[in-house]
Amino acid sequence: MGIEVVVEGLTMSFGKQNIWQDVSLTLPAGEVSVMLGPSGTGKTVFLKSLIGLLKPQQGRVLINGVDMVSSPERDIYETRKLFGLMFQDGALFGSMSLFDNIAFPLREHTRKRESEIRRIVMERIELVGLLGAEDKLPGEISGGMRKRAGLARALVLDPQIVLCDEPDSGLDPVRTAYLSQLLIDLNARIDATMLIVTHNLDIAATVPDNMGMFFRRRLVTFGPREVLLTSDEPVVTQFLAGRREGPIGMSEEKDAALLAAEAAGPASRPTTPRDIVPQLEPSPGLPPRAAVTRRRERVLGMLDQLPPAARAAIRDTYARGAAAPTLTAPATGSGS
């Protein structure tokens, strides 16, 4: 099973530029989470802070008792082996075949024999649907295939935490849909804790158990997917609807005068509730996601702490799954 990641009071600046401040959240063990936000809000920086590649000025990232910010480098290095990181562009070596790219972490960080490396690599290649392409160079395959190869490489060390940085960038809607299903199938197979940074609203709406959003140097929200998808926060509704009207501008947030003019002007449009589409399920033949049962018990236990719209959406979600009797008394923790 995946490992819980606890973030407490994280603040990151580059010189005088504050990226985000006082970020606190918990990535539940084995669940899939998505982080949204306009470009330039520090989502990739956040991923690199979780794995200890960047050092925030304040706060902690706790994984199995190790603080990825301030623990001894030896402990951070060992804990980093629990991670698999899928970079935005795949980050493949252009002169190496896909096989050698995917094998690289095993050859670099383990003493496994070449026969064992081949077995592991071919299993991961099959997992992401790249059988037959293992001898090709990255330049000889499509962008979508390169992303899947990057995902396979992220998986060869059997990570318990998988971080994906904009896995959909550059992909058409059909390939994005395939990728979304692949991520859900992956979670069903390995039960890893997953965090996906994306701008893609289709991935955000159909893949995660939990969702968060960065804006204006802060974490706007993080929690069960229903909380963000029913939120009436202006920045959230603007982002999810893809509208110009709202706090997000072309290069940064808009000032108060422009927001007031938008609100008073004829261009302002009423916000319509966003339908919550069902979460993707694993492909036929795969086991059910173990995270689903754990999440259900966790979310029902915190139901009375959530906004009314999110509570209603969660009740509706679980009522469709014949869970209505439990919903009347979430505090019992029965979760059955």
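Reader: What volume does the largest cavity have?

Author: The model is a predicted one, in which local features need pLDDT of at least 70, side-chain atom pairs count only at pLDDT 80 or more, and totals for chains, interfaces and linings use all residues. Residues are numbered from 1 along each chain as its sequence is written, and side-chain values use heavy atoms, with hydrogens and water left out. A cavity here is a set of points, on a 1 Å grid over the protein atoms alone, where a 1.4 Å probe fits but cannot get out, and its volume is the space filled by probe spheres set on the points, which are joined across faces, edges and corners. For the largest cavity, that volume is about 50 Å³.

Reader: Which element gives the largest share of its lining?

Author: Lining residues, which have an atom within 4 Å of a point, include Thr44, Leu47 and Lys48. The largest share, three residues, comes from α1.

Reader: Which strands are at the edges of the open sheet of six strands?

Author: Two strands pair if DSSP finds at least two bridges between them, and the order in this open sheet, with mixed pairing, is β6-β7-β8-β3-β9-β10. Each edge strand pairs on one side only, and these are β6 (83-86) and β10 (218-224).

Methods: On a 1 Å grid over the protein atoms alone, a cavity is a set of points where a 1.4 Å probe fits but cannot get out, and a pocket is an open set with protein on both sides within 12 Å along at least five of seven lines; lining residues have an atom within 4 Å of a point. Helices (H or I, at least four residues) and strands (E, at least two) are DSSP runs, numbered from the N terminus.
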